[in-house]
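The sequence and structure come first, and the notes follow by region.

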Amino acid sequence: MKFSFSHYLLSKQSVDDRALNRTVLDSLKANLPSTPVRIVEVGAGIGTMLTRLIRWGIVTKADYLLVDELRENVESAWDWIWDWARAAGLSTLKISDDQMRVFDSDRDVHIGFERADVFDYIQQNSSPTDLLIAHAFLDLLPMPESMPKLLKLTKGLAWLTINFDGVTCLEPAIDAALDEQIERLYHATMDTRQTGGDSRVGRHLFGHLRTAGAEVLAAGASDWVVHAVNGRYPADEAYFLRSILHFFEEALTGRPELNTIAFANWLRERRAQIDRGELVYVAHQLDFLARVKH
């Protein structure tokens, strides 16, 4: 499979739609200030969270800034959001090279695009927003020292979603001992990244937020659960599963603790399980809504 990160982000939309915790989402809706609301999303990828919030009627009038370090993501985000808005019946207006507006009689969202490392952006930013969003992003950052810096981006709410919490399950089993070893080694790669990371950031966020002076308003599980229905995976979720296996292969190839042939055979069989509509994938994660106290 030729892997594309943008394609992966698109393929997981339906997975995230199911996973996002509805109790936390209801708390977000109840606590959002009157529109227009100012929002910044860090590690924003190609903008699928923005389009989701518009689809779900949570964001109607807003200034929304997407911040991402990768040029590919920022460029893809512009094209993806523009095309999505047109297909959704929204009008689109290019304001500048890094700003657009999508709108109709009920919705009006000004969208900005910022290519920057999140910590460089934090240093440059002097105007905190009403809402900070970090989606499937915090397990990539050094913790707990990143949390107070991130919270400088909001004067009110932080919606922190799909925070991995140390459980990966692939069924059916191939070899119980090998499955366990691969899962353990894969999680260890999250904990030993030079740039930081935490394979149990979900549970640790309770303490990190409290220490950083934020109050948790709501929290709950946001597990990814992917399985076939009548032998077929919904939407583009077969590609999502192949992407997960790509991440395993990328992270663990060449690890001396892992038998090379056994791992290659394991990957081959997992991919065959996708082809047959047999593979079930579960990842345990947590969502949070927090209020920042400045």
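Ala-136 is partly exposed, because its relative accessibility is 25%, and buried means under 20% while exposed means over 50%. The model is a predicted one. Ala-136 sits in the loop between strand 6 and helix 7. Its phi is near 50°, a positive value in a residue other than glycine.

Ala-235 also has a positive phi, of about 45°, although it is not a glycine. This residue belongs to the loop between strand 9 and helix 10. With a relative accessible area of 70%, Ala-235 is exposed.

## Cis peptide bonds

The loop between strand 6 and helix 7 also holds Pro-144. The peptide bond joining Met-143 and Pro-144 is cis, with omega about 5°.

Another cis peptide bond runs from Glu-171 to Pro-172, where omega is near 0°. Pro-172 lies in the loop between strand 7 and helix 8.

His-135 is part of strand 6, which spans residues 129–135. The residue counts as buried because its relative accessibility is 8%. Its side chain makes a polar contact with the side chain of Asp-16 at 2.9 Å. Beyond residues up to four places away in sequence, His-135 touches a set of residues that includes Lys-12, Leu-20, Glu-41, Met-49, Arg-52 and Thr-161.

Ser-222 is located in the loop between strand 8 (214–221) and strand 9 (224–226). At 0% relative accessibility, Ser-222 counts as buried. A polar contact of 2.7 Å links the side chain of Ser-222 to the side chain of Asp-287. Neighbours within four places in sequence aside, the contacts of Ser-222 include Ala-19, Asn-21, Gln-285 and Leu-286.

Arg-18 lies in helix 2 (residues 13–19) and counts as partly exposed at 43% relative accessibility. Its side chain makes a polar contact with the side chain of Glu-237 at 2.8 Å. Not counting residues up to four places away in sequence, Arg-18 touches Val-225, Val-226 and Glu-237. Arg-18 and Val-226 are 208 residues apart in sequence, and their C-alpha atoms are 9.7 Å apart in space.

Asn-230 is in the loop between strand 9 and helix 10. It counts as exposed, with 79% relative accessibility. The C-alpha atoms of Asn-230 and Gly-277 are separated by 8.3 Å, and the two residues are 47 residues apart along the chain.

## Helix 9

The buried residues of helix 9 (residues 201–211) are Val-201, Gly-202, Leu-205, His-208 and Leu-209. Viewed down the helix axis, these buried residues fall within an arc of 95°, so they line one face of helix 9. The exposed residues Arg-210 and Thr-211 are carried on the face turned away from the buried side.

Helix 7 (146–151), strand 7 (154–171), strand 8 and strand 10 (280–292) are the elements against which the buried residues of helix 9 pack. Gly-213, which follows helix 9, has a positive phi near 85°.

## Contacts of helix 11

A pair of packed helices is described by the angle and the distance between their axes. For helix 10 (residues 237–252) and helix 11 (residues 260–275), the angle is about 175° and the axes are 10 Å apart. Helix 10 is therefore roughly antiparallel to helix 11, as angles over 145 degrees count as such. Residues making this contact include Leu-241, Leu-245, Phe-248 and Leu-252 of helix 10 and Phe-263, Trp-266, Leu-267 and Ile-274 of helix 11. By class, the residues of the contact of helix 10 with helix 11 are nine nonpolar, one polar and five charged.

Helix 8 (residues 176–191) crosses helix 11 at roughly 95°, and their axes come within 11 Å. These two helices, helix 8 and helix 11, are therefore roughly perpendicular to each other. In helix 8, Leu-178, Asp-179 and Ile-182 meet Ala-262, Phe-263, Trp-266 and Arg-270 of helix 11. The contact of helix 8 with helix 11 has five nonpolar, no polar and two charged residues.

Key
Residues numbered from 1 in each chain as written. Predicted model: local features only at pLDDT ≥ 70, side-chain atom pairs only at ≥ 80, totals over all residues. Heavy atoms only, no water. Helix = DSSP H or I, 4+ residues; strand = E, 2+ residues; numbered from the N terminus. Buried < 20%, exposed > 50% of the residue type's maximum accessible area, 1.4 Å probe, protein only. Polar contact = N/O pair within 3.5 Å; in protein donor to acceptor, adjacent residues only side chain to side chain. Contact = heavy atoms within 4.5 Å. Axes fitted to C-alpha atoms, helices over the stretch in contact; angles between N-to-C directions. Parallel < 35°, antiparallel > 145°, perpendicular 65-115°, else oblique. Nonpolar A, V, L, I, M, F, W, Y, C, P; charged D, E, K, R; others polar. Arc of directions from axis to C-beta.
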